[in-house]
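Here are my notes for anyone opening this one for the first time. Have a look at the model, then read on.

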Amino acid sequence: MDFHEIKPQLKEETNSALDIWKGLLIDFHGDNLSYIYSKGSAVKNWDSIIDYVPVLSDLDIHYGIKDKTKLFDSKNPRKASLEVTLEYENRFNQDNPNKIHIPRIQVMCTNSLQDSVPFVHPLSTSVEMLFGKFPNHPEIHDDQIREIDMNNLKELDNYLAVLPDGYFDKVGLDYWSSLRQLNWRVSPSPVRILTQLLSDPMIIWTWNRTKIKDELEKQNLTDIAHVYEEYYLNGWKLFKSNITSTKYFQKCLLTGSNLIEMCYNWYCHRIKNNSK
């Protein structure tokens with residue numbers, strides 16, 4: 001399964017998934033829906049094999065609503081949510097009978113995000129609008145982005161501290177649960193380092209993984225660049241095993257956690273140098 005041979009079909013399948021979710025969100029929220037856009041690896045350029053990895057990459061879909069009190073206002077919101085995801089899978093399988101993969105989706109309501117975490121809207125030029133207009137939002141300064149990123153690097157220590165015990169009893173499908181918890185920390189951590197080193201942190205968040213790896217090497221962070229690339233290459237091998245290989249589950253967990261540790265160590269070194 002050569003990446004460059006299957007790349008066109010993978011792109012068709014991600015586009016199909018986005019189109020299906022556009023329809024699902026419009027049907028679900030109706031007139032309360034304000035906008036939908038997609039961001040992240042699925043809509044960036046795929047310059048090399050690490051830029052989109054089935055299993056590890058997901059389709060980031062953000063949407064906004066006019067009245068957040070009506071986010072889930074059906075009589076049985078849990079059942080309604082599950083019905084939507086089932087409809088996605090059914091429509092996708094019907095539209096893509098010879099699929100290579102069914103894209104993993106991360107659908108987030110920006111109204112909820114803004115209330116719960118320090119949330120930075122992406123640049124309008126880095127997203128694919130699916131519905132409505134890109135939202136107006138307050139300007140965020142470079143130093144604010146750097147501060148958010150440094151705080152997130154600091155928090156990696158808490159996650160690393162529980163990993164040995166967390167991995168100790170894993171088997172079978174348990175590996176997938178561990179990998180999902182790891183994956184969303186791996187992807188942004190090297191980016192958070194680069195935002196401290198370069199002049200335009202917002203632009204760095206628009207880069208694909210190939211460019212991130214190349215810039216890490218330019219910044220003499222070759223060890224981080226190597227492990228970053230290795231993590232996604234192991235992800236491809238896991239995908240080729242039909243997501244069943246214990247060997248490559250463990251390799252993903254090890255390379256991913258090693259990368260996080262390296263990024264946290266960089267943070268500690270940075271703090272130490274800044275305090276002198």
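1. First, a term. A pocket here is worked out on a 1 Å grid over the protein atoms alone: an open set of points where a 1.4 Å probe fits, with protein on both sides within 12 Å along at least five of seven lines. Lining residues have an atom within 4 Å of a point. Grid points are joined across faces, edges and corners, and a volume is the space filled by probe spheres set on the points.

2. Some ground rules. This is a predicted model, where local features need pLDDT of at least 70 and side-chain atom pairs count only at pLDDT 80 or more, while totals for chains, interfaces and linings use all residues. Residues are numbered from 1 along each chain as its sequence is written, and side-chain values use heavy atoms, with hydrogens and water left out.

3. The second largest pocket holds about 370 Å³ of space. Its lining has 17 residues, and the closest to the centre are W21, S81, V84, T85 and V107. α1 (3-29), α2 (77-95) and β3 each supply at least two lining residues, with β3 giving the most, five residues. That lining splits into twelve nonpolar, five polar and no charged residues (Ala, Val, Leu, Ile, Met, Phe, Trp, Tyr, Cys and Pro count as nonpolar, Asp, Glu, Lys and Arg as charged, the others, Gly among them, as polar).

4. Now the largest pocket, with a volume of about 1,600 Å³. It is lined by 50 residues, and K39, W184, P188, R192 and W205 are the closest to its centre. Among the elements that each supply at least two lining residues are β2 (58-65), β3 (104-109), α6 (174-186) and α10 (222-240). The largest share, nine residues, comes from α4. Here the lining includes twelve charged residues, beside 23 nonpolar and 15 polar.

5. As for the fold, the chain has eleven helices and four strands (DSSP runs numbered from the N terminus: helices are H or I, at least four residues, strands E, at least two). The C-alpha atoms fill a box of roughly 55 × 45 × 35 Å along the principal axes.

6. How much of the chain is buried? Buried residues make up 44% of the 276, where buried means under 20% relative accessible area with a 1.4 Å probe, protein chains only. Of the contacts (heavy atoms within 4.5 Å) with a separation of 6 or more, 75% join residues 24 or more positions apart.

Methods. Buried < 20%, exposed > 50% of the residue type's maximum accessible area, 1.4 Å probe, protein only.
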